[in-house]
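Hello,

Here is the structure I promised to pass on.

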Amino acid sequence: MVRYFFRRIYSSFVTNVFDVPSKLLALLLFMLLLVIPATRPSSYVLLILIIAYIYALFAASWDLLVGRAGQVSLGHALFFGIAAYTSAILSKFYGLPIWATIPLGMLLCALVALLLGFPSLRVKGPYLTLVTLAFPLILHTALFAFDPPVGGEYGIALPPRFFPRKFLLGTEFLAEYYLILFVMFISAIILYKIANSKTGIVLVSILDDESASKACGINVTKYKLLVFVLSALFAGLAGGLYAHSFGAIGSVSPGSVLGLTTSFYPIIMTIFGGIGTIYGPIVGAFSLWTLMEFFQFADELRVLIYISIIIIFILKWPKGVAKFVVEKLDELTEKRELEEREKKK
Amino acid sequence: MPLLEVENLTKSFGGLTAVNNVSFHVDEGDVIGLIGPNGAGKTTLFQLISGFLKSDSGTVRFKGEDITRLAPHKIVNKGIARTFQVVRPFRHLPAIANVLVACASPRASKKLEWLKSPERKALDMLELVGLSEMMLEPAENLAHGDLKRLEMARALATEPDLLLLDEPFSGLNPIETDFLIKSIQRLHLDGYTMVIVEHKLRALMKLVRKVIVLHYGEKIAEGSPKEISQNKKVIEVYMGRVG
């Protein structure tokens, strides 16, 4: 019985992953990330990668909202920030453990998304974009006014503590690396499944033509709220992870989790990797974040180099780098299948 | 009790009254044609019935229930499906996914046969309109005639009791027109109730048993195709005053 079960899992794995080159490639890349620590990199490199994974998750959640459902939000940092602050406050002032603070942060994000979604999803296109842009900026400024509890501009100092230190002598970085990598990978799979489910199809239909969706009997408002909440949940997960990781460098401040850059990172990463794909933003986050650090040696010029590279890539592959690769791979498989069919004839 | 009752429906845009005090009813199993010159208010009337526009006054009753102020998706889930005059496909989705969206509506999910997958149903609908070979083709690659049929499949997938077809023949070549006439006749035999807005009178007159003529938002005539084609007022509207 058990053996039969395993055999079935194995065979479905072979047909679903091994026979699809793009999925096989994704699996290989994931394995590569798994073995990176074996090369004994410095903790600095691990730190860079940890932040890259957190941003990958954050960008993927933005992609579900924008690439799939077409609700362009320029203020996704709101959820990142709310979750980061919630888990930082709960953990610092109430001493709650991490496995409680992050889910609570996510829950609050979902609630905020629900409350803000009702009024703001009534406006469309550029108006929605402007409304979303405003929310994190309001919170950003509001936090300055509350110096004593949340530390105003400097934020909350919080020691990174995913694992109790006494168990992991000097391997905290490694443990955190694997934890965040796995959380990112599993969340990405969930997001991908949502994006390609029946719900995902309905979301694309709303992006394409809202009136036609209504004529199909779809409650457009309900679906928009649903995707807003889902996206906020995963952005919240990213924010919560960030607050407790080494990436926060000991503090959660308005500038680091609610600033304009935090809102814009997922956008650049998603467009670089390929919008509407879920894997695109992950590739984008990983390559752009490591690229940025790679040019550290160029000092002031680094942003210029970085931006030039992004512009060249987007001009060359406007659909996104990852999307381009996957489409090429799919084309090749199709061609191969056609040839095989002709041979059989 | 008639399936659909429209009573004194009025809608004006600014100073222009697009639909003026129009009343009619549709019995179950009927196929009704709605004709009139450009700007007569035919499409506006459809928009009002399907909830995309809110009427100024008057009521729309469906199966005896007042649906005048309901949202469009709720009206679809009550059992009134519509197509658009200008095709509105989901361009990024393959043909079958276009129909799947309609299969995801609450009404279609509830009416889905036991042990039948929504995908299977979507494919059946495509087969019904003769598009099953194109099922994986993105809608943006389909020809205009195919899109018209796709729109029919999408409307049918919501399991409607009443179908509102807004100019189903516009932009179709003669072969496609004949095919669509046959499809609609088959739907009629299957017991679907339909209201068809159309300019191509020749195609329409083959299909319908009753015709309603609108002119400047007002109903000027109602009757069988034969009666309508001999009605002086209608001829005047279409041909201009004789003599």
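A word on naming before the details: helices (H or I, at least four residues) and strands (E, at least two) are DSSP runs, numbered from the N terminus. Strand 2 of chain B, residues 16-26, holds B:Asn21. This is a predicted model, in which local features need pLDDT of at least 70, side-chain atom pairs count only at pLDDT 80 or more, and totals for chains, interfaces and linings use all residues. Residues are numbered from 1 along each chain as its sequence is written, while chains are lettered from A and ligands numbered from 1 in the order in which they are written.

B:Asn21 has a positive phi, near 55°, though it is a residue other than glycine. With 14 C-beta neighbours inside 10 Å, B:Asn21 is partly exposed (buried means 20 or more other C-beta atoms within 10 Å, exposed 12 or fewer, partly exposed in between, with C-beta atoms placed from the backbone).

A:Ile278, also not a glycine, has a positive phi of about 70°. A:Ile278 sits in the loop between helix 13 (260-273) and helix 14 (279-294) of chain A, and counts as buried because it has 28 C-beta neighbours inside 10 Å.

Now to where the chains meet: 17 residues of chain A are in contact with 23 residues of chain B (contact means C-beta atoms, placed from the backbone, within 7 Å). On the chain A side, helix 9 (198-208) and helix 10 (210-215) each give two or more residues, and helix 9 of chain A provides the largest share, six residues.

Best wishes

Methods:
Two residues are in contact if their C-beta atoms, placed from the backbone, lie within 7 Å.
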